[in-house]
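Colleague: Please take a close look at one part of this model for me. Pick out the side chains that meet there, and walk me through them step by step.

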Amino acid sequence: MILPSDSVPSPRKWDAEIDTARRDDTWLAFETEIHQSPALRARVARALDRYGLGTSDIVVDEALDYLIYKELG
């Protein structure tokens, strides 16, 4: 039996503020900085390689996008 609370996640407390912040130039600069950081890209590539998921620029970009949107709102 699936309960209604299991099928639709409830909105998080700050979702509206996160959506507003994402439209700000500061947030866009933050995302750009994350994607262009050689140290962070190398660390993500090593983590992906450890699990056999590949280390191409496309895979690393997708992983960074996932982390940004999943973990940062």
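Modeller: Start with Arg41, which is buried, because its relative accessible area is 17% and the cut-off for buried is under 20%. Keep in mind that this is a predicted model. Arg41 lies in helix H4, and Asp61 lies in helix H5, so this pair ties together parts that are 20 residues apart in sequence. Their side chains meet in a salt bridge, at 2.7 Å from N to O. Asp61 has a relative accessibility of 28%, so Asp61 counts as partly exposed.

Arg41 has another partner. The side chains of Arg41 and Asp57 also meet in a salt bridge, at 3.6 Å from N to O. Helix H4 covers residues 38-50 and holds Arg41, while Asp57 sits in helix H5, so here the parts tied together are 16 residues apart in sequence. Asp57 is exposed, because its relative accessible area is 56% and the cut-off for exposed is over 50%.

Now put the pieces together. A search of the whole structure finds two salt bridges. One joins Arg41 to Asp61. The other joins Arg41 to Asp57. Salt bridges that share partners join Arg41, Asp57 and Asp61 into one network.

Stay on helix H5 for a moment. Helix H5 runs over residues 57-71, and Asp65 has its place there. The side chain of Asp65 makes a polar contact with the side chain of His35, at 2.8 Å. In sequence, Asp65 and His35 are 30 residues apart. In space, their C-alpha atoms are 8.5 Å apart. Is Asp65 buried, exposed or partly exposed? Its relative accessibility is 32%, so Asp65 counts as partly exposed.

Next, turn to helix H3. This helix spans residues 25-36 and contains both Trp27 and Phe30. These two residues are three apart, about one turn of the helix. What do their rings do? A search of the whole structure finds one aromatic pair. The ring centres of Trp27 and Phe30 are 5.3 Å apart and the planes stand at 55°, so the pair is tilted. Trp27 is buried, with a relative accessible area of 17%. Phe30 has a relative accessibility of 36%, so Phe30 counts as partly exposed.

To recap, Arg41, Asp57 and Asp61 form one salt-bridge network. Asp65 has a polar contact with His35. Trp27 and Phe30 make a tilted pair of rings.

Methods. Residues numbered from 1 in each chain as written. Predicted model: local features only at pLDDT ≥ 70, side-chain atom pairs only at ≥ 80, totals over all residues. Heavy atoms only, no water. Helix = DSSP H or I, 4+ residues; strand = E, 2+ residues; numbered from the N terminus. Buried < 20%, exposed > 50% of the residue type's maximum accessible area, 1.4 Å probe, protein only. Polar contact = N/O pair within 3.5 Å; in protein donor to acceptor, adjacent residues only side chain to side chain. Salt bridge = Lys/Arg side-chain N within 4 Å of Asp/Glu carboxyl O. Phe/Tyr/Trp six-rings, centres within 6.5 Å; stacked < 30°, edge-to-face > 60°.
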